[in-house]
Amino acid sequence: MMLRPLHRFLRPALYCLLAAGMVGTSQAHEPRRQPAKPFRHGLEAITRQNAEASLRFLASDVMQGRLAGSSEGHITAQYLISELEQMGYTGRIAEQPFTGRKGESLRNILVTIPGRDTTRKVIVGAHFDHEGTKNGAIYHGADDNASGTVVMLELARAAQAAAIQPAHTLILAFWDGEERGLLGSRHYVSTLGRDTASIDYYINFDMVGRNNDESRPRVFRYFYTASEPQLRTWFDQSVSVGRLENLEADFRPCDRTIGGSDNTPFARAGIPIVWYHTDGHPDYNKPTDTADKINYPKMLDIARSAWYLIWRMAY
């Protein structure tokens, strides 16, 4: 097993002492003091207009379900690169090519925002592929996972709008091949080797645009590494600081590997994770997973909550 940095093991004990009132706040894991304006500028950059335009395009008929390795899958990657370049990330975007299980050409899209300390990293990611077409029907994948992809684009806008260098390097990752077995995230983690020890956190977005229970439209599942209790605290703070009215967290702390999405390879490498997930619904993996059914206010508040977490983790 890869040895983790000493602070990884000390942090949970420190939080327990804080809860018991045994350690003063001056000794706790304090946020790095940065001006409030950059954070607010980032928060204000997250808008429905951009998010909805991107989601409707990604989940449109013309994109044919964004099957990994298909021409539409490659168009999706180029679209993401174009959007990121328009935001001002030219020179910070890298394509990480790899081969799928059937020999198909796949690629991750990675944006690196160097920190003042480049030896520590925070990674935020979502997969952009879906199921393509089956028997002539288009599997649009609006929730799975155009929603997570769009949240990533909005977070890229937030980081650009903040216009301040993070303390630790921030990597924004768009994974390919998730529907074929977490291929993109698995490939990325496999290339890290001992560098996994430098990654403080991974945040994942997969299916963040729907309601599992229409009578409770604010509910979503918040998975997080249980041995890192600050991850729950930071979510609560994000709701208060951002005045987020569209979120009600169903907290799912877990010390074991959480399967089913791109957080899994990171968790298995011992990296603390957060996974925002609005849970299943009747349109899951069906052609009827379309853009008109997205709960945009909740999806955008998930992006705003995550921006607060990123601020605490990286800035």
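At what angle do helix α3 and helix α5 pack, and how far apart are their axes? Select residues 48-58 for α3 and residues 142-162 for α5: the angle is about 145 degrees, and the axes lie 9 Å apart. Helices here are DSSP runs of H or I of at least four residues, strands are runs of E of at least two, and both are numbered from the N terminus. Axes are lines fitted to C-alpha atoms, for helices over the stretch in contact, and angles run from 0 to 180 degrees between N-to-C directions.

The model is predicted: local features need pLDDT of at least 70 and side-chain atom pairs count only at pLDDT 80 or more, while totals for chains, interfaces and linings use all residues. Residues are numbered from 1 along each chain as its sequence is written, and side-chain values use heavy atoms, with hydrogens and water left out.

Next, show the side chains between these two helices. From α3, N50, A51, S54, L55 and L58 meet a set in α5 that includes A146, V150, L153 and R157 (contact means heavy atoms within 4.5 Å).

Now select residues 36-44 (α2) and residues 296-314 (α9). These helices pack at about 150 degrees, with axes 10 Å apart. α2 is therefore roughly antiparallel to α9 (angles over 145 degrees count as roughly antiparallel, under 35 as roughly parallel, 65 to 115 as roughly perpendicular and the rest as oblique). Display P38, F39, G42 and L43 in α2, which meet R304, W307, Y308 and W311 in α9.

Eight strands form an open sheet with mixed pairing, in the order β1-β2-β6-β3-β7-β10-β8-β9 (two strands pair if DSSP finds at least two bridges between them). Select 93-99 and 248-254 to see the edge strands β1 and β9, each of which pairs on one side only. From one strand to the next, the twist averages 20 degrees.

Within the sheet, select β2 (residues 105-113) and β6 (residues 168-175), an antiparallel pair joined over five bridges. L110 stands opposite A173 in β6.

α4 (residues 71-87) touches β1, β2 and β6, and its direction makes about 15 degrees with that of β2. α6 (residues 183-192) touches β1, β2, β3, β6 and β7, and its direction makes about 100 degrees with that of β1.
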